[in-house]
Amino acid sequence: MSLSPDASGDFVGVIQLSKPYLSKEEITHLFKNSLMDDSLARAYKVKKREVFQFLCKLIKVLQFPTKILQGCFYYYQRFYMFNSFAKYGNAHYDVGITALFISLKQNDYIKKLSLVISEAYKLRGIAATPQEQDEHRKRLLSMEKKFMELEAFDFRYFLIEELLIKYAKYFRVPREVCFLSWSMLNDLYATELPLQWPSNFNAIVVLRTSLLVWNELNLERKVERLLNEREVAVHARKDEVNNAVNEFLEYYLDSYETSFMRDALEQLKLRTDSKHIINDVILNIKIGLHQDDRPNGSQTPRNLDEDLFFKLRDYDVGKTGSVRFLYSKKKYLDEVSQYASEKERYSQQKAAAPRQAPTQPAWKNYRAPPPAHGVPNNHSPRPHPNSSYQSNNRAAPRKTFKKNYQPSYNPNRKHKPERPFDK
Amino acid sequence: MSTAYTKEKKVGEGTYAVVYLGKQIATGRDIAIKEIKTGTFKDGLDMSAIREMKYLQELKHQNIIELVDVFADKEKNLNLILEFLPSDLEMIINDKKLMIVPADIKSWMLMTLRGLHHCHRNGILHRDLKPNNLLISPEGCVKIADFGLARSLGMPNEKLTSNVVTRWYRGPELLFGAQHYSPAVDIWAVGIIFAELMLRTPYLPGKDDADQLVVTFQALGTPTEENWPGVSHLPNYNNLTVYPEPSRQELRNRFPAATESALDLMCGMLALNPNNRLNTEACLLHGYFTESPEPTEPEHLPKKS
Ligand SMILES: Nc1ncnc2c1ncn2[C@@H]1O[C@H](COP(=O)(O)OP(=O)(O)O)[C@@H](O)[C@H]1O
Ligand SMILES: [Mg+2]
């Protein structure tokens, strides 16, 4: 997602490319902007944990499955990446409930917002009159709008849970380990991994991590499973997976006591005392990972400051014009490449006909169209996680796990080229 | 609107949106602008709009309408930019001046099933297939549109609402109020569309929900425990008159122009028991599509006059 003035060069419209995944570097940069200093960063962390625990409870009360948490925690974290914590820090419950509400919609659970709000009040033990609750509802709806713009109305979304189940079946992971990994997945939602990686990758990370934990705790009942993620079309480098597993384990260092993993270990009648789990199990695994701490290769760091996308969001930006949301970088670049020829055509036309629409770009002042900021030079160190879907050269997970099924009756499934422009 | 598109005339109105014709300025391409009426929503952005965006963002196929862009304008209205598709299958069926030959029907069926196969293999149910939602491009290609009711398949134990699909195209499991159903509901609808293309008139036009049950079972037989084990436990299964399934000869009389394999395919799509219904793959591999005549090339299909 990038912001830039539209092709006409003046701020009539804004172009915003959807960017559902960001690199670690980009996330760090964004949080540096939104959190500003260490004390705010600490406050963010504390509140995030508080709200996430609250949302877990709320979901239970409302009888929703935990998979709702994926979208919910994703949106919550994204919100504070692009909005100043100094300004919105005290609205953390509102941000959380709005994130939950959007996640419900996205997962096709239709619940009235007023109901979600009243359950939230009950759970927090706050008394509120119906009018107060309705006021609150309106506040949350305007917050929902902010979220939607932030996400460029991009609703593409793949459940990690679905993929985890498929992969676990495919690799014949034993039942108990499946249960452990399913539980740990609920912890993964609270990390920054879903902000960085698509769901198929995260499903592999959970599966691997849970196997490591299981084996560390069951030395005599080790599960020797070769998880070759390439078989399920997850083409990640080994060090990428290892780093992600490591990042996931970090979560338990300070959140183990309240984690889903702890509950699962208890149910599996395994050792649960935090001293053992953290000092022996988790740290042992971490040491075994031989993780690669080097920052990605020799890439020179990008200057993210120049890119409007990495600035705090200004919701007024669309007030004077329109905001255009883009889902495909390539399509946009193709479009931009046609501007030059269109310019000629347009000036010929213009000689003959009056302007049709008042908002058309003033081609006479034509400047080279500024591509959405960050679009053409968006070569991130890693090719896949932080690019938008279509420019992602890995197939999306839904499409990949079909054992290369190629029905023969549909020979020309490829997209036909777009209609030529002069047709 | 914006610098990238012009908005010209209104071409349609749906439940939650108004559709306009426009142009993408850079490419001169015709586009449709579906303006979502955000102002009227009680509970934030409407589910239909979310579904439509979500599934069109996820699906790319030559027989599925393409979502080009999404725009928020000054008034914060949402605009979906779609490829412009000037006609639909309903217009063609209703245009009595048009002559439709079996090869044309085969071509429309093939394109519809290809698009639907793409939905299903990506775990997405359309749930509102009908001739009016099968739009047709200037080149004659069928494009499945209107994903406002679509949803992903979900887990096997998840409850779904049976209040989907326009009445005439609703499969028996939906008529019985089943809360678990499968891609087979879409296949039923395509089967009914197949029949409608041959008849040039709606096949099972029930007057209301109760009548739909009667009309459907009179035409195709009443499901029983014998041909559909478990059916009697579905919510609306009660007080049914048991009609026999139509004989082969009866079907031949109903569809005089249909070949034997066309009838086979239709029966496979209209199996009462959803578990016995063909899936998209089986439909596409059916002998009907390989026997003569070959499906008409899209550009040679009859067009709205
Ligand atoms: N891409 C398009 N090109 C041309 N007309 C369209 C397009 N999309 C929709 N329409 C017109 O607008 C009407 C309503 O659109 P539709 O997407 O079916 O919305 P609804 O969900 O309200 O039925 C359609 O019946 C059709 O006439
Ligand atoms: Mg419609």
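The model is predicted. Ligand 1 lies between domain 1 (5–83) and domain 2 (87–300) of chain B, because both domains give residues to the shell around it.

**The shell around ligand 1**

- There are 15 residues around ligand 1, and those that come nearest are B:G14, B:T15, B:K34, B:E83 and B:D146.
- Sorted by class, the shell around ligand 1 consists of 7 nonpolar, 5 polar and 3 charged residues.
- Two strands of chain B, β3 (29–36) and β5 (78–83), each contribute at least two residues to the shell around ligand 1.

**Polar contacts and cover of ligand 1**

- The side chain of B:K34, a residue that is also among those nearest to ligand 1, has an N or O atom 2.6 Å from an oxygen atom of the ligand.
- At B:L85 the backbone takes part, with a polar backbone atom 2.9 Å from a nitrogen atom of ligand 1.
- For B:N133, a polar side-chain atom is found 3.3 Å from an oxygen atom of ligand 1.
- Ligand 1 has 540 Å² of accessible area on its own, and the protein covers 85% of that area.

**The annotated region of chain A**

- In an unreviewed entry, UniProt lists residues 21–149 of chain A under "domain: Cyclin N-terminal".
- In the predicted model, chain A over residues 21–149 is 79% helix and 0% strand, and the C-alpha atoms at the ends of this stretch are 16 Å apart.

Terms used
Residues numbered from 1 in each chain as written. Chains lettered and ligands numbered in written order. Predicted model: local features only at pLDDT ≥ 70, side-chain atom pairs only at ≥ 80, totals over all residues. Heavy atoms only, no water. Near = heavy atom within 4 Å. Polar contact = N/O pair within 3.5 Å; in protein donor to acceptor, adjacent residues only side chain to side chain. Areas by Shrake-Rupley, 256 points an atom, 1.4 Å probe, with all protein chains shown as cover. Helix = DSSP H or I, 4+ residues; strand = E, 2+ residues; numbered from the N terminus. Nonpolar A, V, L, I, M, F, W, Y, C, P; charged D, E, K, R; others polar. Domains from an automatic or database assignment. UniProt positions renumbered as here; feature names shortened; annotations may be inferred.
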